Amino acid sequence: MSAEQQTNRAWYIGARRDEVGEAAILVGDPARIARIAEHMSDVHFVSEQRGLKTVTGTRGGRRITATAFGMGAPIATIVMHELNALGIRNFLRIGTAMAVAPAKLGDFVLADGALRADGTSPSYAPLGFPAIADFDLNLTLRERLADSTRAWHAGIFGTYDGFYTEMFALSGERREMIDALKDDIRRLGLIGTDMETSALLTAARILGARASTLCVATVDAATQEKIDDALMAELEREMFEIALDAMQTISGL
Ligand SMILES: O=P(O)(O)O[C@H]1O[C@H](CO)[C@@H](O)[C@H]1O
Ligand SMILES: O=c1cc[nH]c(=O)[nH]1
């Protein structure tokens, strides 16, 4: 696919071309930007616009940008699209996902692809078009994950727009509907669910970029149990290291 039109300053994230690096890490939570910056040197924080925070820093001699999109596929793809228009061709989303057995709370889950139940990816390509992660990037991530002491799983994610209607039930009535969806998810052998991966993988292919998703499994799909904050903080630091190592290694496109 050909690359999208290029720009020197992105509309929503507000970054100029000289403020971004050669690869990008996309996070949801804006609080992760200051924390990932601690894992890089020579950091530059881009002026925040619309709550979209961006930092660029050096890791292993490469400039890497991290931007926080907040939540959900529409804004995640806007951020990817704008960084791509600034010249970035390598993307990794890192964050959290709901775990589907055999993945357990605290495991890493790597998306080889994703079921497209999001509403944004059809604006990039029809539903028959697969949402597949970049093979080289995932090989690099697999090698790095193999060196970690944590359990990890690679497989297909499911990406959904409705957090309280498709993933996490607050009421008993919703719980029954969501449990029925979870039965399908288990039958299909998905390893995790989130709100962005299928849109990002589809958009990246169309934009001529490579992309993948690496998450910590933070909510158990069957029980709705959540990971505790101390373990999450530890896993987040490990996830930053794995992601930055992979993005400093991967090159080209
Ligand atoms: O990966 P993080 O930023 O934690 O985000 C995850 O949590 C949010 C709510 O489900 C969604 O954006 C989802 O993908
Ligand atoms: O339950 C969860 C946890 C993280 N991310 C999601 O999209 N869902």
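Student: Which residues does UniProt list for the domain "Nucleoside phosphorylase"?
Tutor: UniProt lists residues 23-223 for it, in an unreviewed entry. Keep in mind that the model is predicted.

Student: What are the helix and strand percentages over residues 23-223?
Tutor: That stretch is 32% helix and 37% strand. Its end C-alpha atoms sit 37 Å apart.

Student: And how many helices and strands does the protein have?
Tutor: Seven helices and ten strands.

Student: Ligands next. Which residues are around ligand 1?
Tutor: Val 27, Gly 28, Asp 29, Met 71, Gly 72, Gly 95, Thr 96, Phe 163, Asp 194, Met 195 and Glu 196.

Student: How does that shell divide by class?
Tutor: The shell around ligand 1 has four nonpolar, four polar and three charged residues.

Student: What about the residues around ligand 2?
Tutor: There you find Thr 96, Ala 97, Met 98, Met 167, Phe 168, Thr 193, Asp 194, Met 195, Thr 218 and Val 219. By class, six are nonpolar, three polar and one charged.

Student: Which strands supply at least two residues of the shell around ligand 2?
Tutor: Strand S5 (90-99), strand S9 (192-194) and strand S10 (210-220). S5 gives the most, with three residues.

Student: Switching topic. How many residues are in the largest nonpolar core?
Tutor: It has 77 residues. Those with the most contacts inside it are Ile 25, Phe 91, Leu 92, Leu 214 and Ala 243. Helix H7 (residues 229-249) provides the largest share of this core, eight residues.

Student: For the whole protein, what share of contacts with a separation of 6 or more joins residues 24 or more positions apart?
Tutor: 80% of them.

Student: And what percentage of the residues is buried?
Tutor: Buried residues make up 48% of the 253 in the protein.

Student: Last one: why does the radius of gyration agree with a compact globule?
Tutor: Because a compact globule of 253 residues would have a value near 18 Å, and the protein has 17 Å. Along the principal axes, the C-alpha atoms fill a box of roughly 50 × 40 × 35 Å.

Technical notes:
Residues are numbered from 1 along each chain as its sequence is written. Chains are lettered from A and ligands numbered from 1 in the order in which they are written. This is a predicted model: local features need pLDDT of at least 70, side-chain atom pairs count only at pLDDT 80 or more; totals for chains, interfaces and linings use all residues. A residue is near a molecule or strand if its C-beta atom, placed from the backbone, lies within 6 Å of it. Ala, Val, Leu, Ile, Met, Phe, Trp, Tyr, Cys and Pro count as nonpolar, Asp, Glu, Lys and Arg as charged, and the others, Gly among them, as polar. Helices (H or I, at least four residues) and strands (E, at least two) are DSSP runs, numbered from the N terminus. UniProt positions are given in the numbering used here, feature names are shortened, and annotations may be inferred rather than shown by experiment. A nonpolar core is a set of buried Ala, Val, Leu, Ile, Met, Phe, Trp, Tyr and Cys residues joined through C-beta atoms within 7 Å. A residue is buried if 20 or more other C-beta atoms lie within 10 Å of its own, exposed if 12 or fewer, and partly exposed in between; C-beta atoms are placed from the backbone. The radius of gyration is taken over C-alpha atoms; the globule rule is 2.2 Å times the number of residues to the power 0.38. Two residues are in contact if their C-beta atoms, placed from the backbone, lie within 7 Å.
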